[in-house]
Amino acid sequence: MTSMRTRIKICGLTREADIAAAVQAGADALGFIFHPGSKRYLAVERAAQLRREVPAFVDVVALFVNAAPDAIRSVVDHVQPDLLQFHGDESPEACRQPGRRYLRAFRVGAPGLDTPEALAAHCKAYDDAAGWLYDSYSAGYGGSGLAFDHHLLSAVQADAASRPLVLSGGLRPESVAQAVRAVRPWAVDVSSGVEIEPGIKSAERMRAFVAAVREAQIQA
């Protein structure tokens, strides 16, 4: 039986060399972070420069955390992302307001998102999202390197109406194969797990991460 190809997003890119290495490794999507509180934050002008380095058929995802509508519009106009990712406390209405395809991220284990049933019920409000992304709950908004209990996804996985599942949170080359075999996600999303330091990627670790995902699919 042939398994579905797991898509791979590498997030938090800040340098041209890392974009080239991520593309060479086989990433399907690259994430640019527009949250000023992140160590991987990009100003709009810098992101527009990096955007020009991304070739055809590799998506650019713009990540926001509780951003003002004007800030989102500026990124959309100048960076031309293929997809928006909302990683804060945005309501369904706020996610839909820009009129663009979007990913909704959920911080699994947060108050109210700490049981399989509660998590699945909360996700349903974002039923027009292009995908539901699951990250670990931490003091910040992503990039913590922390994993979460994948059992909490069981109700989402059991619901045929769920949106494509994007697995994040603590993934690294050494652990991603096991996660892919266990969860069978549509896509995986990695940031700190392939870094030398925040915002500085390792070409070797990106290659190893992609290879581990592909190997997990062969073994599935």
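## Before we start

This is a predicted model, in which local features need pLDDT of at least 70 and side-chain atom pairs count only at pLDDT 80 or more, while totals for chains, interfaces and linings use all residues. Residues are numbered from 1 along each chain as its sequence is written, and side-chain values use heavy atoms, with hydrogens and water left out.

## The chain as a whole

The protein chain has 8 helices and 10 strands. Both kinds of element are DSSP runs numbered from the N terminus, with helices (H or I) of at least four residues and strands (E) of at least two. Along the principal axes, the C-alpha atoms fill a box of roughly 40 × 40 × 30 Å.

Of the 220 residues, 51% count as buried. Here buried means under 20% relative accessible area, exposed means over 50%, and partly exposed is in between, with a 1.4 Å probe and protein chains only. The protein chain exposes about 10,100 Å², of which carbon and sulfur atoms supply 52%; the areas come from the Shrake-Rupley method with a 1.4 Å probe, and for residues only the protein chains shown count as cover. Among contacts (heavy atoms within 4.5 Å) with a separation of 6 or more, 59% come from residues 24 or more positions apart.

Let us begin with strand E1, residues 7-11, where 4 of the 5 residues are buried. E1 pairs in the parallel sense with strand E8 (residues 187-190) over 4 bridges; two strands pair if DSSP finds at least two bridges between them. Ile 8 has Val 188 as its bridge partner in E8, and Ile 10 stands opposite Val 190. E1 is also joined to strand E2 (residues 29-33) by 3 bridges, and these two run parallel. Lys 9 has Ala 29 as its bridge partner in E2. From E1 the chain crosses through helix H1 (residues 16-25) to E2, in a right-handed β-α-β crossover. Right-handed means that, with the strands pointing away from the viewer, the path from the first strand over the helix to the second runs clockwise.

E8 is covered on both faces: Ala 187 and Asp 189 on one side, and Val 188 and Val 190 on the other, are all buried.

Why is strand E6 (residues 131-136) described as largely enclosed by the rest of the structure? Because 6 of its 6 residues are buried. Gly 131, Leu 133 and Asp 135 point one way from E6, while Trp 132, Tyr 134 and Ser 136 point the other way. In a regular strand the side chains alternate between the two faces of the sheet.

Strand E5 (residues 102-108) is joined to E6 by 6 bridges, and the two run parallel. Leu 103 stands opposite Gly 131, and the chain crosses from E5 through helix H5 (residues 116-123) to E6 in a right-handed β-α-β crossover. E6 is joined in turn to E7 by 3 bridges, again running parallel, with Tyr 134 opposite Leu 167. Strand E7 (residues 165-167) has 2 bridges to E8, also parallel. Leu 167 stands opposite Val 188 in E8, and a right-handed β-α-β crossover leads from E7 through helix H7 (residues 176-183) to E8.

## Back to Lys 201

Lys 201 lies in strand E10 (residues 200-201) and counts as buried because its relative accessibility is 2%. Not counting residues up to four places away in sequence, Lys 201 touches several residues, including Ile 10, Asp 18, Arg 40 and Met 206.

## Two loop residues with positive phi

Most residues other than glycine have a negative phi. Phe 57 has a positive phi, near 75°, and its place is in the loop between helix H2 (44-51) and strand E3 (59-64). Phe 57 is exposed, with a relative accessible area of 84%. Asn 66 also has a positive phi, of about 50°. Asn 66 sits in the loop between E3 and helix H3 (69-79) and is partly exposed, at 40% relative accessible area.
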